[in-house]
Amino acid sequence: MTDTMIYTNNLTKSFGENLAVDRLSLSIPAGEVFGLLGPNGAGKTTTIRMLAALIAPTGGEARVAGFQIGQQDREVRKAVGILTENPGMYNQLSAERNLSFFAKLYEVADIPGQVERYLRMLGLWDRRHEAVGTFSKGMRQKLAIARALLHEPRVLYLDEPTSGLDPEASRIVRDFIAELRHEGRTIIICTHNLNEADRLCDRVAVFRSELLALDTPTNLRRQIFGRRVVFHLAEVTPALLDAVRAYGFVQQAEVLEDKLVVTLDDPEAQNPLLVTALVGAGAQVRFVGELRRSLEDVYLHLVNPQKEAN
Ligand SMILES: Nc1ncnc2c1ncn2[C@@H]1O[C@H](COP(=O)(O)OP(=O)(O)OP(=O)(O)O)[C@@H](O)[C@H]1O
Ligand SMILES: [Mg+2]
């Protein structure tokens with residue numbers, strides 16, 4: 001069994017009448033990259049601010065890296081790094097001075113060493129003497145990520161790490177997150193970029209004040225949409241459709257141009273039978289693939305089920 005790095009039980013935060021986070025229960029193992037998805041105002045930032053011991057919950061409990069939120073907040077803050085939506089930096093100071101300043105706050109032992117390490121890792125070493133106020137948005141974002149890592153936290157919260165970045169800068173940040181994961185850090189990412197969540201996250205939670213769903217992107221797809229296999233055929237005839245429908249395990253079969261789209265629960269086991277049946281009935285099977293729904297489809301289904309087109 002893996003260690004649980006982040007645990008919450010009925011974690012709640014209300015701002016007056018406004019219930020921002022409603023009884024959130026989560027268990028995140030060490031080393032997992034976990035995506036927190038949800039519409040604007042869903043309570044994502046509020047959740048990670050509670051888990052970073054920056055604001056106090058109004059109900060429930062949480063433990064991060066073994067420390068109790070509300071009772072061991074100093075220890076929690078040492079164990080976590082956070083990239084906030086608006087990371088405040090000193091614009092007049094150079095990149096290097098900014099990081100050194102924050103490293104001192106975090107009581108980092110080897111300040112010059114850590115500052116150099118992260119400036120190099122994020123490709124900012126050559127620009128280290130320049131004032132942060134002159135940096136581009138992407139450079140500032142990278143610097144903010146560096147800042148979150150100076151004290152080598154085991155847990156990292158990234159609030160919209162690639163928002164507003166160009167494709168190349170996003171790619172650098174994404175690759176960097178993947179690297180951090182290889183180092184065994186536990187990471188929570190809040191993002192509206194569902195493609196990114198799909199690529200980076202082991203599991204995702206779709207959240208709107210309360211949990212709507214939580215699982216791996218693959219399992220969410222399958223639970224919601226089933227598994228659809230596409231048989232590309234030279235020609236689809238009614239006889240071929242009948243041949244496929246003869247199998248009890250075929251939940252649905254439809255024709256889409258020269259393709260036969262079949263919904264199955266266990267394609268790995270059932271595809272070979274269907275291919276054999278199709279060939280026996282005279283089909284030329286050109287290609288077999290799985291119709292993959294995007295995480296965006298899953299998200300929209302969960303957040304707004306009634307508005308869905310299909
Ligand atoms: N300091 C605060 N005082 C009062 N209300 C707050 C405060 N912080 C957040 N809220 C409210 O809590 C709710 C959740 O906000 P939060 O910032 O956590 O959402 P979010 O999921 O991060 O949204 P976004 O995707 O827009 O970043 C909102 O209704 C917001 O107005
Ligand atoms: Mg937010």
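Predicted model: local features only at pLDDT ≥ 70, side-chain atom pairs only at ≥ 80, totals over all residues.
1. Four-stranded sheet. An open sheet of 4 strands runs in the order β2-β1-β4-β5. Its pairing is antiparallel. The edges are β2 (18-29) and β5 (67-68). Each has a single partner strand, so one side of each lacks a neighbour in the sheet.

2. The β4/β5 pair. Strand β4 covers residues 59-64 and is joined to β5 by 2 bridges. The two run antiparallel. Arg63 faces Gln68 of β5 across this pairing.

3. Six-stranded sheet. A further open sheet has 6 strands, ordered β6-β7-β8-β3-β9-β10. Here the pairing is mixed. The edge positions belong to β6 (80-83) and β10 (210-215). With a single partner strand each, both are left with one side that has no neighbour in the sheet. From one strand to the next, the twist averages 15 degrees.

4. The β3/β8 pair. Strand β3 (residues 33-37) and strand β8 (residues 186-190) run parallel. They are joined by 4 bridges. Phe34 stands opposite Ile188 in β8.

5. Which strands does helix α11 touch? Helix α11 (residues 295-303) packs on the sheet against β3, β9 (203-208) and β10. Its direction makes about 30 degrees with that of β9. Helix α5 (residues 137-149) lies across β6 and β7 (155-159). Helix α5 runs at about 165 degrees to β6.

Note on methods: Residues numbered from 1 in each chain as written. Chains lettered and ligands numbered in written order. Pairing = 2+ DSSP bridges. Axes fitted to C-alpha atoms, helices over the stretch in contact; angles between N-to-C directions. Contact = placed C-beta atoms within 7 Å.
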